[in-house]
Amino acid sequence: MKVLVTGGTGYIGSHTVVELQHAGYDVVIIDNLYNSTIDVLDRIEEICNKRPAFYKIELCNKTQLNDFFEQEKDINAVIHFAAFLQVNESVQEPLKYYENNLLSQINLLNCMIENNIENFVFSSSCTVYGNPDSLPVDENAPIKKAESPYGNTKQMGEEILEHTCKSKNISAISLRYFNPIGAHPSAKIGEVQHGTPHHLVPYITETAFGKRTQLNVFGSDYNTPDGTCVRDYIHVIDVANAHIAAVERLSKQTKKNKYEFFNIGTGIGYSVLDMIHAFEKATGIKINYALVDRRHGDVEAVYANTTLANNELGWTTKYTIEDMLKSAWTWEQALAKNSN
Ligand code: WQD
């Protein structure tokens, strides 16, 4: 079976390509290399002994996309990762985010319909839940008004799928990721930071490495056990394998509805201080941190009820928080070695 992976040289995309190839799928990647580099293909080949096909294409350019589908036939499913994903940047540049994230998805869906490709897996996010009313959050929880244009493009992306699946020959699954972290154990692929890390775990590993002098813990007065925010951190390889389970559900017609969505998390909430202590325990490295003011827009606590994905996708997480943090640390060390 041939699977098209858009954004396949990115963080979650590249890990999903590796797992797809290990599972015996033929993979073709479309990426514009806006947020990744072409050498990721070499790393994927080193890990899998198999090189995915690659096309440098702008998904917002329908002509380029039409030409692609003229060349690449027999695609059975599409996994769509390609999107701008910086929450802060989306607040400063909303039109850039709405145009890129929505137009690329609409072009892709139109090409799929024109080429009789039915199966679509969408990279969504737990941000659709906002500050959930109860925890753990399940798929019946209400969708809250997005706090950023980025989060809104995920909500609108899901709505576009729900309506398209109703009237067109498209079946789709949205995977609502919680907080993907970690890296492939080979340390050949991982999350590449551009400038100061926004996310917690890369900031921890850069502090551990000495690239940052101190980690600022954003808020210690939340209504949580230790006052710091709680999140559901999940290994990126577990997230990758959820996409294979989704492709199999769509292609084997075991889906119950033409449009479905699932929480992709571990079901366990860790606070920021929990993560610092877990990192120190896993690596033996002390993290220098300070408790500072809250970060605007942060959700107090969110972690997943994963029952639906476990039961319907036959998918469960395999990695522990220690695995996640050790792999993140190994990746940080590999980055430094490769940049010398
Ligand atoms: C986690 C916790 C911070 C940095 C992000 C995206 C979201 C989704 C999941 C894609 C928060 C705290 C962080 C630091 C800190 N991704 N923190 N000091 O914000 O939960 O969600 O990943 O869909 O869209 O925004 O992740 O890693 O930024 O923050 O104290 O230097 O760590 O306040 O409580 P977040 P994060």
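## The second largest cavity

The lining of the second largest cavity consists of four nonpolar residues, four polar ones and one charged residue, where Ala, Val, Leu, Ile, Met, Phe, Trp, Tyr, Cys and Pro count as nonpolar, Asp, Glu, Lys and Arg as charged, and the others, Gly among them, as polar. The structure is a predicted model, in which local features need pLDDT of at least 70 and side-chain atom pairs count only at pLDDT 80 or more, while totals for chains, interfaces and linings use all residues. Residues are numbered from 1 along each chain as its sequence is written, and side-chain values use heavy atoms, with hydrogens and water left out.

This second largest cavity holds about 50 Å³ of space, and the residues that line it are His80, Phe81, Ala82, Ala83, Asn101, Gln105, Phe122, Thr153 and Lys154. Helix 5 (94-114) and helix 6 (149-167) are the elements that give two or more residues to this lining; helices (H or I, at least four residues) and strands (E, at least two) are DSSP runs, numbered from the N terminus.

## The largest cavity

Across the whole structure, a search finds two cavities of 30 Å³ or more, and the largest cavity has a volume of about 130 Å³. Its lining is made up of 13 residues, of which Glu191, Gln193, Pro202, Ala328 and Trp331 lie nearest the centre of the cavity. Two or more residues of that lining come from each of strand 7 (179-181), helix 7 (200-209) and helix 11 (321-339), and helix 11 provides the largest share, four residues. Sorted by class, the lining of the largest cavity has eight nonpolar, three polar and two charged residues.

On a 1 Å grid over the protein atoms alone, a cavity is a set of points where a 1.4 Å probe fits but cannot get out, a pocket is an open set with protein on both sides within 12 Å along at least five of seven lines, and lining residues have an atom within 4 Å of a point. Grid points are joined across faces, edges and corners, and a volume is the space filled by probe spheres set on the points.

## The second largest pocket

The second largest pocket has a volume of about 220 Å³. It is lined by 14 residues, and the closest to its centre are Glu139, Glu260, Phe261, Phe262 and Leu308. Strand 11 (259-264) and helix 10 (307-313) each supply at least two residues of this lining, with strand 11 giving the most, four residues. The lining of this pocket divides into four nonpolar, four polar and six charged residues.

## Around the ligand

Polar contacts are pairs of N or O atoms within 3.5 Å. A polar side-chain atom of tyrosine 150 lies 2.6 Å from an oxygen atom of the ligand, a backbone N or O atom of asparagine 216 lies 2.8 Å from a ligand nitrogen atom, and a polar side-chain atom of arginine 295 lies 2.9 Å from an oxygen atom of the ligand.

## Salt bridges

The whole structure contains 23 salt bridges (a side-chain nitrogen of Lys or Arg within 4 Å of a carboxyl oxygen of Asp or Glu). In one of them, the side chains of arginine 43 and glutamate 46 meet at 3.0 Å, N to O. Arginine 43 and glutamate 46 are separated by about one helical turn, because they are three residues apart in helix 2 (residues 39-48).

Methods: A polar contact is a pair of N or O atoms within 3.5 Å; within protein, one must be able to donate a hydrogen and the other to accept it, and residues adjacent in sequence count only if both atoms are side-chain atoms.
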